[in-house]
Amino acid sequence: MDALRVEGLRAGYGDGPDVLVDAGLDVAPGEVVALLGASGSGKSTLLRCVAGLHPLRSGRVRIGGEDVAHVPVQARGIGLVFQDHALFPHRDVAGNVAFGPRMHGLDATSTEERVARALADVGLSHLAHRAVDELSGGEQQRVALARALAARPRLLLLDEPYGSLDRPLRERLAGELPSLVRGEGIGAVLVTHDQQEALRAADRIGVIVRGEVRQLDRPDALWRDPIDADVAAFLGVGVLLDVDVADGVAHGAAGPLPLPGALRTAGGPATLLLPHSALRLHGTGRATGGHEGTAVLTATVVEVRFAGDHHRLEARLASGDVVSVRVDDAVALPAPSTIVELTVRMEALRRYPRA
Amino acid sequence: MRSRIIATLALTSIVAAGCSTEETGPLRLVTHDSFDVSTEVLAAFTEDTGIEVEVVPLGDAGSMLNRIVLTADDPEGDVVFGIDSTFLTRALDADVLLPHRAEGLGSVDPALVPEDDRVTPVDFGDVCVNYDIAWFADAGLAVPATLADLAAPEYAGLLAVMNPATSSPGLAFRLGTIEQLGEGKAFAFWERLRESDVLVTDGWSEAYYGAFTYASDGDRPLVVSYASSPPAEVLFATEPLDTAPTGVIVDTCYRQVEYAGVLAGTDRPDDARALVDFLLSPTFQADVPLTMFVFPARTDVALPDVFAAHAVLPDTPLVMDAGRIDAGRSDWIERFTATVLR
Amino acid sequence: MSRRGRAALLAVGPLVLLAVLFVWPLTLVLVRGLGVDASPLAPVRDVLLDPYLRGVAGFTLRQAVLSTVLTLIVGLPVAAVLSRLDFRGRRTIEAATLVPFVLPTVVVGTAFVALLGRLSPVVDLRRTTAAILLAHVFFNVSVVVRTVGGLWRHLDDAPVLAARTLGATPLRAFLHVTLPRLRPAIAAAATVVFLFTFTSFGVVLILGGPGRSTIEVEIHRATAQLLDLRTAAALSVLQLAAVVATLVTYDRTRRRQAARPLARAALAVRPLAGARDRTAVAGVVLLLAVVQGLPLLALLERSLRVGDGWGFDHYRTLGAPTREAVLSVAPALAIRNSLTIAAVATLIAMVVGTLAALAAVEDGRWGRVMDGALMLPLGTSAVTLGLGLLLAFRSGPFAGRGALLLVPLAQALVAIPFVVRTMTPVLRGIDDRLREAAATLGATPRRVRQEIDLPIVSRAGLVAAGFAFAITVGEFGATIFVARATNPTVPVAIHRALGLPGEVNLGRAMALSVLLALITGLVVTLVDRVRVGAVGRF
């Protein structure tokens, strides 16, 4: 049974247009699903709809198989972690964490046990009686997480929970999330705009564009096969080229590209995704010019950057698009402004209808 | 939560309404803030007559009288005590009092009894310049003997007086200067006082406790106060004193008489008259010196020892006719403000 | 119901109270005073044409403006240090700044006279405008410290640091970044201080000496002594016009200020770091010691002076009256009366103030109207209002024993604006997400109100109540007017003790004043202890 299943969700503000249009989502127990989207894409609204903090215009939300249309917030069995934590300023750390158990009518002893466990889980046992405004940002975030978990929710919702933290801490906390969620055997939805964070935390990632969950998939599948140009653009998989297909060849400003069999279906205008990962500097590596399944494009070198364990070459295609190509260390690095040839691994290309 | 707040408000107004339930309360004695009476003396009156008395002070003498005049149609009490001679005409003109010839009037000094029978004299006191005995001894300076001396150069910067516009003793002292020197000379006198840096305060407390060298850290060894202030200093000293530490310049004394009367709006005129009679009774009269630091109107009651020993009773105090006061008061106060304060 | 409708409904209570206790009594006085002439403007014109009264009005305005500026100059550094730096005794100092606020003017006057007398060989400020200004600073510095400090501790440092990195000196960063952001609080504090000093009465008379009269003094003179209601009413109209102009100006400046983002919760004060911080703290402590400490010390010294030496004699005798007389109530009883009446007044101020704050939260326009209207009594002649209360309530529910309720009601009127200003930002500032977080954790809407709204608001309420209590316990003007003789409050008892000659009486008045100061300090300190981070302050 799904921890969460959302179908055909529509929602909006006041008399305004739909912010969510036919959004759908499913989360399995023990799974973390990250929702990635630009700001204003509707991802937080989706979370609030699931929590019951925002009314639906239509659609269905099931938590643990139960349709929660008529279940008020407090009875949905969810834990919600807010971006700036929303800790209760008038209670200390333990008081914050104890809130959920108390609301569920637990006696003092059991509440204490839960609080102790939840604080131990997030590594904050030593701060139980501190005032919340004396904590650092990271500590506050952990308290918020402990507070949500101590209520034993069926589903954990996190709305940009690491937004106010610095990068290393953000990634560390995101990395801790899957084991916590698996340990509890509950589902979790993490809303974020940060791909690194999503990749760290999530089993599957959903991309939400203009109020719609366009694609929900494992990260590798998502990056390999973006379902449409919007998803591809949001993820930054590669450059999108406007082309006209005729006789199996895509003609565009970047130069002609013979399409592989699967993309030759019909002629006419199309948008072609050229993933950065499909490109190699000509004459290097496995892909060499003229081989089956590859094509060659010329490009002008903009700059060459060292990226940790390899170099990346930024080069401008004839169409003006800038691609980023991985360069193996063995190769002599071209100077800026020189013209290079790039090998395209054709099977990695994706074709979308022209928008 | 909001509904609870509204409920509380509603409750408050009910309590307020409950408080207003009229009942035959005690007889109300309207008076000024300086009034007081020994507990057992007032209890004796209630025991004798069965009349409960509630004392209602309404500010200083001037404010009290104004309130009586303003609320003439619906007074705040049955009897008034503390109308003083400087404001007598205002009270009589406002027609807020009922005629009453009090028992015991025969034993009162005839000089204190007015022609109008709507007011009964109860006590009198003299407003005089007081001086700090030790200060003058230390300074090797002779104590000024007369009113005119006060404006002499050697006493420049030594005197504190009160604004006649805001203080009853201030006005009394002012009237005294006019009575003794005549209007024209009095203003010349005040002009000189101003040149010699006289200090003018709003009220008696500010002058006495704010400027008088004996009673404060101030720099004025001369202050307008009362003839009864020296005995009060003896009575209220923290360590027993044999002689009064302050003295009175007799030549400056102006006499104020305090009157009582039955308020016209009372619905218990007989009880009210009984209370006025009580104010003139030997018991109350004997109580007056030590509760209010004034002299009893009756001549046949003994003064307490501390008064007998330390109080000064001038033979010929300055007194101004009530009609003259009333005619000149506003103008004099204006001119005082003009000469001294501007 | 619309928000505006709800706001209007909530505003009914406060506005009715204001109408009954302020507008109606004031109208009665004005009608009586101005109704004598054919044109109600004739008396006003006469006053305006009188060169003496014009001079008085000029002096009133000048001293009020100077006092306000001086109070800000002293108060701002104190607010800066107390709201940003942590050091031992910080809370005590903060509570202590409020103490002078509640002392009766006569007592403060006496303390200042004593102090200035001792200083006179060095610098003679006796009977100068400077003495008036110093006393006004002494009284009002806490208004600036509380109002401005309250905002200051919510401002985050980032913009200042940004300015510093862009090359601004600390002073320029303060002038161009911090000061503009503090402007709403500074305007609010300045308005209150201006209103208080514009209607100043006792301080001017005691410390000013001859030739320094304010409009309030002239109103007192015309009303209490001359029974010249015509002039009194005309002066009151002028005073009221000036007060309304002040409030409108304040409202304008406030409207120009769009709501600026604050750091979400109060920033934690930081411990002292380096010599500069220590110098700043030392400087502020020294400043307060001179401006507020010395006069209080003079008061304390006076209360301990017995004959030529010192002792606790005046305190030991506070349990009993000086004489067995009807109006000579034991000071201990006066203290009880004061505490009781102030508690009732505080309750009333809290209820009415909270309603007003709720209305302000529902609808900003109502909020502004309420804020202005409720400030009016602060700037109105106590003499005129007292007379109006007399005319309005000499019969009816507040006559006779009903006056017992009139005292706390009148006191509450003074405290309400402070309650509104403490509660509104807190009510407005409760983050909706706290309520949502509670709901997701299983709290029903009722439990949310119980567990979130109530505790947070009640803590803010406690702060407001502490302030209201401090104001009402020392309130004198309205109290002396309506207080029953046999139930005097401490200020009334002090006033009475000062009405008789004799060392015992003076000592008793001073000892009572010190007690009043201690009680106030204690209440304020206790209230400050329970304050939580995100809760606003007056």
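In chain A of this predicted model, strand β3 (residues 32–36) runs parallel to β9(A), the two pairing over four bridges. Within that pairing, A:Leu36 stands opposite A:Val207 of β9(A). Strand β9, which covers residues 204–209 of chain A, also pairs with strand β10 (residues 212–217) of chain A, here in the antiparallel sense and over five bridges. The bridge partner of A:Val209 in β10(A) is A:Glu212, and β9(A) and β10(A) form a hairpin with two residues between them. In the turn of that hairpin, A:Arg210 has a positive phi of about 45°. The two pairings of β9(A) are set out below.

| Strand pair | Sense | Bridges |
|---|---|---|
| β3(A) and β9(A) | parallel | four bridges |
| β9(A) and β10(A) | antiparallel | five bridges |

Both pairings belong to an open sheet of six strands in chain A, with the order β6-β7-β8-β3-β9-β10 and mixed pairing. Its edge strands are β6 (78–81) and β10 of chain A, each of which pairs on one side only. From one strand to the next, the twist of the sheet averages 20°.

In chain C, helix α7 (residues 158–165) packs against helix α8 (residues 170–198) of chain C at an angle of about 140°, with the two axes 9 Å apart. Because of that angle, α7(C) counts as oblique to α8(C), and the crossing of α7(C) and α8(C) is right-handed. On the side of α7(C), the contact is made by C:Pro159, C:Val160, C:Ala163 and C:Arg164, while α8(C) contributes C:Ala173, C:His176, C:Val177 and C:Thr178. Sorted by class, the contact of α7(C) with α8(C) has five nonpolar, two polar and one charged residues.

Turning to the contacts between chains, two pairs of chains touch, and the most contacts are between chains B and C. Chain A and chain B, by contrast, do not touch, their nearest C-alpha atoms being 19 Å apart. Between chain C and chain A, 23 residues of chain C are in contact with 21 residues of chain A. On the side of chain C that touches chain A, α18 (432–440) and α19 (445–474) of chain C each supply at least two residues, and the largest share, seven residues, comes from α18(C). By class, this side of chain C has 13 nonpolar, four polar and six charged residues.

Notes:
Residues are numbered from 1 along each chain as its sequence is written. Chains are lettered from A and ligands numbered from 1 in the order in which they are written. This is a predicted model: local features need pLDDT of at least 70, side-chain atom pairs count only at pLDDT 80 or more; totals for chains, interfaces and linings use all residues. Two residues are in contact if their C-beta atoms, placed from the backbone, lie within 7 Å. Ala, Val, Leu, Ile, Met, Phe, Trp, Tyr, Cys and Pro count as nonpolar, Asp, Glu, Lys and Arg as charged, and the others, Gly among them, as polar. Axes are lines fitted to C-alpha atoms, for helices over the stretch in contact, and angles run from 0 to 180 degrees between N-to-C directions. Angles under 35 degrees count as roughly parallel, over 145 as roughly antiparallel, 65 to 115 as roughly perpendicular and the rest as oblique. A crossing is left-handed if the near helix is turned anticlockwise from the far one by less than a right angle, and right-handed if clockwise. Two strands pair if DSSP finds at least two bridges between them.
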